[in-house]
Amino acid sequence: MSVETASPEIQQILAGETIRGRSNLASRVLDVTVRSLLPVVCALGAGAILLLAMGRHPIAFYGDVWQGGVSGGGWDAWQDSAIRMAPLLLIAAGLTVIFRANIWNLGYNGQFLLAAALVTGYGPSVTKHVALWFAMLVLFLMAGAVAATWTVVPAVLKARYGTNEIITTLMMSFIGVDLAGYLIKKPFQDHSVNIPQTRVLDLDKMLPPIPGTRIHIGLLVAFGAILVVHFLLTRTSWGLRLQILGANPRAARHVGINLPRLIVTGFLLSGFLVGLAAAADFLGLWGYIRGSQNPGYGDTVIPFVFLARLNALAVVPFIAFFSVLSVGGDLAATNANLSTDFLLVLVGLILLFMTVIEYLGRRRDLGGSYLPPGLKDALKAPLWRRRR
Amino acid sequence: VILASQIWTDVFWTSVVAGGLLAGVPLMFTALGETISERAGVLNIGLEGMMLVGAYVGFLGAHYSGSQWAGYAVGIAGGMVASLVMVVLCVWLGLDQIVVGIAITLAGEGITSVAQQAQFGTTYPRLGAPSTVSIPLLHRMPVLGTSLFEQPVIVYLAFLFVGALAWTFRRTNVGLNLRAAGEKPEALDAAGVSVVGTRSWAVLSTGALAGLGGAYLSVAATGIFTPFLTQGQGFIAIVIAMLGRGRPLWVLCGSFLFGIALSLSDSLQIAGIDISVDIVNMIPFAAIIVALILFARRSYLPPALALPYVRGQR
């Protein structure tokens, strides 16, 4: 029941394939950069057209994004964006790992919220009894372990029976979201407030800030995780095996890779990192969680993981960009009297443009034209019938 | 101790069946759409977005025209427009179906939410309840009467459609072509039928059905459009379609069961049992996971699913 082979342009991304037909390093780097940035530029352009269509001023909108995400408050707003980066980077690292194997862990929402509920639920009591650094260590590991556990069923089903992991991770995600809601409303409920919410962590019991800034050290954890993942994926045999599995499962089986073990370990690491994201965000920024709170980070991270070509280091600038966009977008959307869900449209557009540009780039690599033959002929000879 | 006789009354059972039907019909339309698309070899992860687009434009249609039928028609059209993206990118150009599907879902969520906010601000206008039609005699049955046989016309049409679709799959050339496009597209191509054409129509029908499911949700079931109205129902529909293994009748049963599970918390409240909504909402998903663990080996998907067809490529 598995969808075994990815379509070519994703395969190319998965295989980390270099652009064929050109040996010059500089032109190759340029090519990859253009292909990664172009979708973002196109999406922002299309977003501007949408804004115009709705009678909003696109330059004012993007200006507000810049102000709200970077320069606002006397060059202070960038710290908000940096704080937002911590969970996004950790989720991106988690998705990079599993997407490399061409396996889809789409259950990040359940994994994230379940870990968040447990961390905020146990946080106040754990931090009360032991030293802060030890409490944080315990809470981070617990969050990671819980989220990793949540991937076990999809992982085993995929490994043993090839059950479609998209379905199973989504199912587990729905269960996780509901379970998190239950935990927040019943056992972890703060009885001093009337809304479903956990007890609020005291400010001095939260993740300490990096000296001289407001940014909590969860960001450093995130960068550390990115480095570790990059090392694992590019410098170890485990990473190589994961990549072979992603590029061609049959070949992987043929060369004797233990696929079930690889699938399960990949899933566990992916879930673990998503759990760390929840710990970083809720111990560093929020300190409590509400009943219906779901930041939905994972959905918006996916496009950037692909734009970074499943490279853990390359994902950093993209996530930085998106953090600015999402933090500044809140201000911009409020100023423009728009729903903040406008950002979802932009992210969807980035994904669509990415697949199209990847397609055109692949045609180019194969020695073809950027344009499909039919369209090219139509452009060359729009008015008269062409002869063969 | 729960006194069984007090709780399992006719009122309770009526509310279970009626609630299951109310929540099950949009799932059924959407899952039937996914069934068509999967049989033809296209995995449509964008159902959620298509449903939302159908729900929003369907709501607009019904709101401004005052007719639920206009709402359904506009909803179908909206779903088809959303699925056109998938037709062009996935079927014609052969791009990755999962990535495009996620993109359609995200864009659909964003566009409908932004448009709703831009149009109505924070007010949510309500539509009147759709008129129901009672089936003579049958509607006087004790429990099933008021729940099953006093429904809007569209529900009866939905049941007829299930039969028609099952017949199409089994008995017609169109159904055979669809199945061939998912099982062995090369064979279909060799037989002189366009794989791309077959799949295009399949994806368009999926969009139409998802749009109709969404429109039913906003026009008939709730009478209101709020952002993220579908709440993951598009994904549940994908699961129902996969578990139904391409059989419309199984999809019908699955949707009904899921509908009951989704509306069970309301029924239990009517019966006076106070149980956490979160726990009740978990039941259908937990049931699926258990079913998948038990019957994992028996699930089946067409071999060519999610693979773009390129003529002559091995």
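**Reading contacts between chains and helices**

In this predicted model, 47 residues of chain A are in contact with 47 residues of chain B.

Trainee: Happy to start there! How much area do chain A and chain B bury between them?

Mentor: Good place to begin. The size of an interface is often given as the accessible area lost when the parts come together. Here chain A and chain B bury about 4200 Å² between them, and 81% of that area is on carbon and sulfur atoms.

Trainee: And how many salt bridges are counted between chain A and chain B?

Mentor: First, the idea: side chains of opposite charge can pair when their charged atoms come close. Between chain A and chain B the count is 1 salt bridge. Lys185(A) pairs with Asp278(B), and their closest N and O atoms are 2.9 Å apart.

Trainee: How many salt bridges are found over all chains?

Mentor: Searching the whole structure gives 7. Among them is the pair Asp76(A) and Arg214(A), at 2.9 Å from N to O.

Trainee: Now to helix packing. At what angle do the axes of helix 10 and helix 12 of chain A cross?

Mentor: Two packed helices are described by the angle between their axes and the distance between the axes. For helix 10 (residues 237–247) and helix 12 (residues 259–286) of chain A, the axes cross at roughly 105° and come within 11 Å. That makes helix 10 of chain A roughly perpendicular to helix 12 of chain A. By class, their contact has 7 nonpolar, 2 polar and 1 charged residues. On the helix 10 side, Trp238(A), Arg241(A), Leu242(A) and Leu245(A) take part; their partners in helix 12 include Leu262(A), Ile263(A) and Leu269(A).

Trainee: Which residues of helix 3 of chain B meet helix 11 of chain B?

Mentor: Leu47(B), Glu48(B) and Met51(B) do, facing Gln233(B), Gly234(B), Phe235(B), Ala237(B) and Ile238(B) in helix 11. By class, that contact has 5 nonpolar, 2 polar and 1 charged residues.

Technical notes:
Residues are numbered from 1 along each chain as its sequence is written. Chains are lettered from A and ligands numbered from 1 in the order in which they are written. This is a predicted model: local features need pLDDT of at least 70, side-chain atom pairs count only at pLDDT 80 or more; totals for chains, interfaces and linings use all residues. Side-chain values use heavy atoms; hydrogens and water are left out. Contact means heavy atoms within 4.5 Å. Helices (H or I, at least four residues) and strands (E, at least two) are DSSP runs, numbered from the N terminus. Ala, Val, Leu, Ile, Met, Phe, Trp, Tyr, Cys and Pro count as nonpolar, Asp, Glu, Lys and Arg as charged, and the others, Gly among them, as polar. Buried area is the accessible area (1.4 Å probe) that two parts lose on being put together, summed over both. A salt bridge is a side-chain nitrogen of Lys or Arg within 4 Å of a carboxyl oxygen of Asp or Glu. Axes are lines fitted to C-alpha atoms, for helices over the stretch in contact, and angles run from 0 to 180 degrees between N-to-C directions. Angles under 35 degrees count as roughly parallel, over 145 as roughly antiparallel, 65 to 115 as roughly perpendicular and the rest as oblique.
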